Amino acid sequence: MRAVIFDLDGTLTQSDEGIFKSIRYAARKLGFAEPPESDRFKFIGPPLMYSFREYLGMTREQAVEAQEAYRERYWDTGLFENRVYPGIRSLLRMLKKRGDWVAIATGKPSDPARRIAEHFGLNRYFDRIIGPDLNDGNAAKDALILAALPERFDEAVMVGDRHFDIEGANALGLPSVGAGWGYGTEEELRSTGCTHYAARVGDLIDLLCPGDPMPRGAFLSVEGLDGSGKSTQIGMLSEALDRWGFVVRHSREPGGSPVGERIREILLTRGNEMESLTEALLFAASRAEHVRKVIRPAVERGEVLLCDRFVDSSAAYQGGGRELGVDRVMQLNAPAVDGTLPLATLYLDIGHEQAMRRRTAASDPDRMESEPDSFHARVEAAYRTLIGQDPRRFVVVDASRSPEEVGRDAAAGILARLTAAEEADE
Ligand code: TYD
């Protein structure tokens with residue numbers, strides 16, 4: 001069996017924001033000058049006690065006190081001011097598929113390290129998470145790596161972004177990979193004697209999993225009435241997905257592909273009155289392009305494709321709003337969609353009256369938005385039918401609340417679906 005041991009900060013997660021804010025908090029609390037922004041990256045990697053003494057000039061006693069103050073802020077806020085590097089999720093999935101032993105050896109105590117892994121839905125990828133005891137401020141990296149290794153293994157490799165990680169591996173006679181995307185410099189990693197240097201996560205994937213297929217990504221859509229706050233929520237969801245280490249790509253319907261965008265113009269230009277059937281077929285035509293040229297290739301590449309509207313919009317607007325019938329519009333779209341349905345669809349649930357009030361506050365309505373309220377009432381009713389038909393696909397969120405509240409629930413619902421899908425794939 002092969003064992004792959006990872007450092008956490010700067011290797012799996014980009015954690016400087018939470019760490020640095022907590023360091024500043026601790027310095028302030030002890031009456032020391034806050035370190036300047038230019039020192040930010042020095043603090044990631046070395047043990048806290050070392051940093052407080054070396055960089056801030058504290059005595060041992062002061063450093064112990066500063067560590068306490070640091071934890072006050074870090075353990076409930078700083079931990080989560082953090083993001084998983086893009087590509088790391090895919091790498092962990094690939095290592096698990098290979099049957100490797102995967103562990104973390106970090107300089108932060110194991111409790112917060114576990115909470116970070118859990119927070120990002122990554123804990124099931126790790127066979128072991130090792131950090132120093134709470135009061136062991138100067139734990140040597142080689143001892144941590146040793147504790148993270150399984151009892152028996154054929155080969156092992158340590159992956160880390162600072163000289164501490166490479167030195168730890170060297171002390172144990174293990175090969176190491178310098179992670180170039182983290183907080184150390186290439187010069188630091190090479191001069192400490194890393195066996196390999198990976199400039200990007202993709203290079204590490206090539207090194208550890210040569211020839212393995214990329215795990216599939218996912219297709220997500222966001223739906224709702226015009227005025228439900230879709231654009232704001234797509235931005236917030238995208239940020240949450242990004243923090244979780246998903247490689248996010250945006251698209252929209254109608255549009256999303258070059259030909260689709262031209263069809264969009266025809267569909268949304270006011271004055272382009274047309275038969276309801278023509279309209280439905282044009283939306284379907286744009287979708288046929290989008291599914292084949294954009295959605296499927298992105299999912300194959302391992303990306304999360306976040307789409308502003310998909311076939312449910314046709315069922316709701318042309319099926320309900322234009323009264324062509326939900327089932328008929330779904331049938332009409334079947335060859336365009338060809339079985340490619342979103343893994344999850346976020347539905348921003350807001351009544352049509354409230355949506356209209358929000359819409360009229362915004363300027364310049366397009367051809368669909370200019371329809372009377374009765375049209376949007378039928379759209380809403382059709383969405384309800386669709387949700388009833390496929391409750392497992394929809395994540396329904398009450399969108400009448402503040403953007404932050406909606407965003408929190410939306411992200412939680414979608415991330416739960418994504419991690420469940422990752423689990424099912426194992
Ligand atoms: P949208 O992207 O929400 O508009 P905006 O960019 O102005 O926020 O969607 C454009 C309009 O097209 C919207 O009113 C819904 C409508 N629509 C349909 O009627 N059928 C469809 O299949 C799709 C995808 C959209």
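Two strands are said to pair if DSSP finds at least two bridges between them. Helices (H or I, at least four residues) and strands (E, at least two) are themselves DSSP runs, numbered from the N terminus.

Good morning. The model on the screen is a predicted one, in which local features need pLDDT of at least 70 and side-chain atom pairs count only at pLDDT 80 or more, while totals for chains, interfaces and linings use all residues. Residues are numbered from 1 along each chain as its sequence is written, and side-chain values use heavy atoms, with hydrogens and water left out.

The open sheet as a whole has 6 strands with parallel pairing, in the order β5-β4-β1-β6-β7-β8. At its edges are β5 (128-130) and β8 (196-198), each of which pairs on one side only. Neighbouring strands here are turned against each other by 20° on average, direction ignored; axes are lines fitted to C-alpha atoms, for helices over the stretch in contact, and angles run from 0 to 180 degrees between N-to-C directions.

Which strands form it, and in what order? There are 5 strands, again in an open sheet with parallel pairing, ordered β10-β11-β9-β12-β13. Its edge strands are β10 and β13 (394-398), each pairing on one side only. On average, neighbouring strands of this sheet are turned by 20° against each other, direction ignored. Strand β9 (residues 218-224) and strand β12 (residues 344-349) run parallel and are joined by 5 bridges, with S221 opposite T345 in β12. Helix α13 packs on this sheet and touches β9, β12 and β13, its direction making about 25° with that of β9; contact means heavy atoms within 4.5 Å. Helix α17 (residues 403-424) also lies across β9, β12 and β13, and it runs at about 165° to β13.

Some individual residues deserve attention. K230 is found in helix α10, residues 230-243. Is K230 buried or exposed? K230 is buried, at a relative accessible area of 11%, where buried means under 20% relative accessible area, exposed over 50%, and partly exposed in between (1.4 Å probe, protein chains only). Leaving aside residues up to four places away in sequence, K230 touches V222, E223, G224, D308, R309 and L348.

That list includes R309, which has a positive phi of about 75° although it is not a glycine. R309 sits in the loop between β11 (304-308) and α13 (311-321), and R309 is buried, with a relative accessible area of 9%. E323, also not a glycine, has a positive phi of about 65°. E323 lies in the loop between α13 and α14 (326-337) and counts as exposed, at 57% relative accessibility. For backbone geometry, please note too the cis peptide bond from E253 to P254, with omega near -10°. P254 is placed in the loop between β10 (248-252) and α11 (258-268).

I close with the chain as a whole. The protein chain contains 17 helices and 13 strands, and its C-alpha trace spans about 75 × 50 × 35 Å along the principal axes. Of its 426 residues, 53% count as buried. Among contacts between residues at least 6 apart in sequence, 74% join residues at least 24 apart.
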